[in-house]
Each structure stands twice: as C-alpha cells, then as structure tokens.
Amino acid sequence: PVKGLNFAVEAVAKLVEEGYRDIIWHIVGGGPSEAKLKEQIAKHKMEKHIFMLGMKNNPYPYIKNCDLFIQPSLFEGYSLSIMEAKILGTPILATYAAAGNQIENGVDGFLCDTNAVSVYENILRLYKNKETLENCKFALKNCDFDSINQKIISQLEELF
C-alpha cells in the first residue's frame, strides 16, 4: 500500500474509461500487496492495460523503454528507482512524498499529489503534451550526475 500503486490503477482506469485505450502500464516488482493489486486491476477490468511483471533481475530495459516512469509512493526516503530512471533518461511522474527532494518539477521530472486524481491529471497532461516529455528527456540527457552525487555526499558529511 505504501507504494501508492492503487492510486495509479485508479488513474489508468479513468484514462481508459475516457477513451485513452492505448495506455499500457507495466508494474515491475512484487510484494505482500500483489494479490490485492491484482484484484483491483480485475475489478476495474484493466487486465489489457496493466501488467504485473513480478520481480526482474534486470528492470532497466523496462525503465529505459517506457514513456513515463511512475512512482506514486506515499513516502520514500531516497528513491533509488527515481535516480535510475533519471540516469536512463526516462521522464518521471512521482508524488511529492516520494521524490520532492529528487526532482525539479517540470524540468527533470514531474511531481503530483498523493492521490488518484492528481496522478490521473498529470498522466493526462503529459500524455497530451509530448513536447513536455521531450524537454524532460533533454534535461535528463544533460543532467550533471556528478554534481548531484557530490551534493548528496556533502549533505551526508554535514551530519557527522
């Protein structure tokens, strides 16, 4: 539940209901809520749009090849998957709670509130505006990851 995937399922269901039938979402990973999530997918009749792929030894091809990486978590400390998506140049939609400190909203990713309506509205906005996604990809391609790493190290050193 803390990963907020239920919000994303509701958002995708609403998009499909409104006619955006080409939306496909692959969920990589697993956990104790997997059965409940599968029930929710079936309840919304989203089996042709949302695929639970389970744990993968190498999730990077999925992250690299998707149009949008979604991280709808209720909270995250420091999300490694957000950084992986950034490194792979994939635009990210995450909740403020998941990545508010890792994403510059509208530049190297996009932030939304922690609820289904906000996830839905932001997916729809990005779906309709491919140029915004391309601008994000360009920013990620030109991101100075060494500088980001140095900033993190400096922040950690300040704690000592």
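**Figure 1. The aromatic pair of the model.** The structure contains 1 aromatic pair. Tyr20 and Tyr127 form this pair in an edge-to-face arrangement, 5.1 Å centre to centre with 75° between the planes. Rings of Phe, Tyr and Trp (its six-membered ring) pair if their centres lie within 6.5 Å; planes under 30 degrees apart are stacked, over 60 edge-to-face, and the rest tilted. Tyr20 lies in the loop between α1 (5-17) and β1 (25-28) and Tyr127 in helix α6 (residues 116-128), so the pair ties together parts that are 107 residues apart in sequence. Helices (H or I, at least four residues) and strands (E, at least two) are DSSP runs, numbered from the N terminus. The model is predicted: local features need pLDDT of at least 70, side-chain atom pairs count only at pLDDT 80 or more, and totals for chains, interfaces and linings use all residues. Residues are numbered from 1 along each chain as its sequence is written, and side-chain values use heavy atoms, with hydrogens and water left out.

**Figure 2. Lysine charges over tyrosine rings.** Lys130 lies over the face of Tyr127, 4.4 Å from the ring centre. The charged end of Lys14 sits over the ring of Tyr120, at 5.0 Å from its centre. The criterion is NZ of Lys or CZ of Arg within 6 Å of the ring centre and within 35 degrees of the ring normal. Tyr127 is partly exposed, with a relative accessible area of 25%; buried means under 20%, exposed over 50%, and partly exposed in between (1.4 Å probe, protein chains only).

**Figure 3. Helix α6 and its surroundings.** Asn115 caps the N-terminal end of α6, a side-chain oxygen lying 3.2 Å from the backbone nitrogen of Val117. Buried residues of α6 include Ala116, Val119, Tyr120, Ile123 and Leu126. The buried residues of this helix pack against α1, β3 (69-71), β4 (92-95), β5 (110-112) and α7 (130-141).

**Figure 4. The setting of Ser79.** Ser79 is placed in the loop between β3 and α4 (80-87) and is buried, with a relative accessible area of 1%. Its side chain makes a polar contact with the side chain of Ser81 (3.1 Å). A polar contact is a pair of N or O atoms within 3.5 Å; within protein, one must be able to donate a hydrogen and the other to accept it, and residues adjacent in sequence count only if both atoms are side-chain atoms. Not counting residues up to four places away in sequence, Ser79 touches Gln71, Ala98 and Gln102, where contact means heavy atoms within 4.5 Å.
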